[in-house]
Amino acid sequence: PALVPLRHGRMARSAFAFYRGGAAIMAGDLATTRSSGLRAQLCGDAHLLNFGVFDTPERSHAFDINDFDETLPGPWEWDVKRLAASVEVAARDLGFRKPQRTAAVTAAVKGYRIRVAELAEMSNLEVWHTRLEVGDVLRRIELGQDPTVSKRLERDVRKGLQRNHLTAFSKLIDTTDGEPHFARHPPLLVPIDDLLDDRARRRYVKVIREFLHQYRASLSSEHQHLLEGYRYVHLARKVVGVGSVGTRSMVVLMMGLNDADPLLLQLKEAKRSVLEPYCGPPPHSNRGRRVVEGQRLMQTASDPLLGWYRLRALDDKVHDFYVRQLWDGKASIDLTHLTPRALVSYAEICGIALARAHARTGFRVSIAAYLGETDEFDDAITTFARTYADLTEHDHARLVESIESGRLASEAEPEAADTNGRRARR
């Protein structure tokens with residue numbers, strides 16, 4: 001709760017930042033809309049910045065959805081609408097004209113529709129193993145662009161893929177006192193030592209031991225063996241994202257053979273999906289497992305150290321968490337670098353990636369038949385996106401007004417502004 005003002009501050013930056021933090025708001029709105037009755041595993045928060053590039057376990061580079069906090073089976077149209085509206089809102093924040101925005105939204109929806117039709121013709125195994133390679137993504141975006149845009153895109157991807165466990169170690173860890181430990185950068189990074197009261201301090205060792213036991217049990221046998229080569233060192237609270245601010249998010253430092261062999265894990269609290277009130281309960285009672293299993297179903301190649309656990313945490317309350325590697329070669333496209341034409345290409349790629357994710361878990365042949373071969377669906381969703389962007393801008397203005405009037409607490413943060421969460425100058 002103490003971090004909620006920070007979330008308000010992040011959402012107030014722009015209409016697109018508000019949209020990113022408003023998955024629960026949109027889920028309630030989508031529940032009032034009509035659907036085909038066909039279901040798939042949903043991302044639940046399929047906006048533009050929840051797609052990106054990451055290292056696969058084979059250390060090749062793929063483009064895919066990269067956020068699954070809200071994943072749950074549900075109407076496939078909801079993810080498409082969430083993506084389409086995000087394109088419209090982002091394009092408005094970038095200052096693009098209406099025809100440019102329409103072209104980008106339509107490209108996302110059309111890309112989804114055409115790719116579903118292609119996947120409907122493939123075998124189950126072909127669908128399961130198909131992926132978007134980074135080279136293909138960059139070529140699509142760069143086609144017809146000026147050299148400056150192309151170089152920026154390549155730089156974004158290259159920089160993101162360098163954000164690995166060693167980079168995280170150098171930025172987040174303080175080694176001045178001998179044993180490595182997390183540095184202090186409140187409120188964004190707070191070592192566990194600063195968070196414990198006397199009662200929690202007495203339970204600390206037991207909680208950590210139980211976390212390691214449950215997390216290890218959630219991994220495959222070969223990755224259990226890998227984890228046994230590391231020892232627990234330190235824990236800290238780390239604030240991440242926009243919609244995630246206010247939920248428990250911790251980072252764990254583990255060490256292997258020596259100080260040059262760190263493993264950094266992120267522990268994120270898994271709450272009830274924003275879709276659950278409208279789509280029903282998940283197949284797994286553990287909400288961390290819901291996130292992990294949903295990611296494994298939808299993503300081309302998931303983090304091999306994905307896991308989950310449930311325990312009575314240091315606050316003496318029971319919580320579900322999922323676990324993943326921190327900064328394991330993940331990269332996002334900086335939207336402020338995109339021209340209107342580049343946004344069209346990027347939106348299309350996101351639509352294609354979403355289609356592949358749905359095809360792995362949904363009735364792809366039935367969805368393809370429902371979508372048809374005309375642009376009727378494309379036009380309908382583009383109109384929806386425009387209307388929903390109007391609503392988002394209205395809601396964002398009300399948030400800003402509430403903050404400025406003092407009715408709602410807001411807190412700025414001591415870090416550089418998120419270039420994907422503010423209005424770009426064009």
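Me: What stands opposite phenylalanine 54 in β14?
Reply: That's lysine 330. This is a predicted model, by the way. The two strands involved, β2 (residues 51-55) and β14, run antiparallel to each other and share two bridges.

Me: How do you know that β2 and β14 count as paired?
Reply: Two strands pair if there are at least two bridges between them. β2 and β14 have two bridges, so they meet the cut-off and count as a pair.

Me: What makes β5 and β14 the edge strands?
Reply: Look at the open sheet of four strands, whose order is β5-β3-β2-β14 with antiparallel pairing. β5 (132-133) and β14 (330-331) each pair on one side only, and that makes them the edges. Further in, β2 and β3 are joined by five bridges, and one of the facing pairs there is valine 53 with phenylalanine 63. Phenylalanine 63 also has a bridge partner in β5, namely leucine 132.

Me: Why is strand β3 called largely enclosed?
Reply: β3 covers residues 61-65, and four of its five residues are buried, so the rest of the structure largely encloses it. Buried here means under 20% relative accessible area.

Me: Okay, salt bridges next. What makes arginine 92 and glutamate 393 a salt bridge?
Reply: The cut-off is a side-chain nitrogen of Lys or Arg within 4 Å of a carboxyl oxygen of Asp or Glu. The closest N and O atoms of arginine 92 and glutamate 393 are 3.1 Å apart, so the pair passes. The partners come from distant parts of the chain: arginine 92 is in helix α4 (residues 76-93) and glutamate 393 in helix α16 (residues 376-404), 301 residues apart. By that rule, the count comes to 20 salt bridges.

Me: Why is arginine 92 called buried, while glutamate 393 is called partly exposed?
Reply: Buried means under 20%, and partly exposed lies between that and 50%. Arginine 92 has a relative accessible area of 12%, so it's buried. Glutamate 393 has 34%, so it's partly exposed.

Me: How do you know that aspartate 378 and arginine 113 are both buried?
Reply: Aspartate 378 has a relative accessible area of 1%, so it counts as buried. Arginine 113 has 7%, so it is buried too. Their side chains meet in a salt bridge at 2.8 Å, N to O.

Me: What makes proline 281 exposed?
Reply: Exposed means over 50%, and proline 281 has a relative accessible area of 69%, so it qualifies. You'll find proline 281 in the loop between α12 (276-279) and α13 (287-298). Proline 281 and leucine 72 are 209 residues apart in sequence, but 8.4 Å apart in space, C-alpha to C-alpha.

Me: Why is arginine 158 called partly exposed?
Reply: Its relative accessibility is 46%, so it falls in the partly exposed class, which lies between 20% and 50%.

Note on methods: Residues numbered from 1 in each chain as written. Predicted model: local features only at pLDDT ≥ 70, side-chain atom pairs only at ≥ 80, totals over all residues. Heavy atoms only, no water. Buried < 20%, exposed > 50% of the residue type's maximum accessible area, 1.4 Å probe, protein only.
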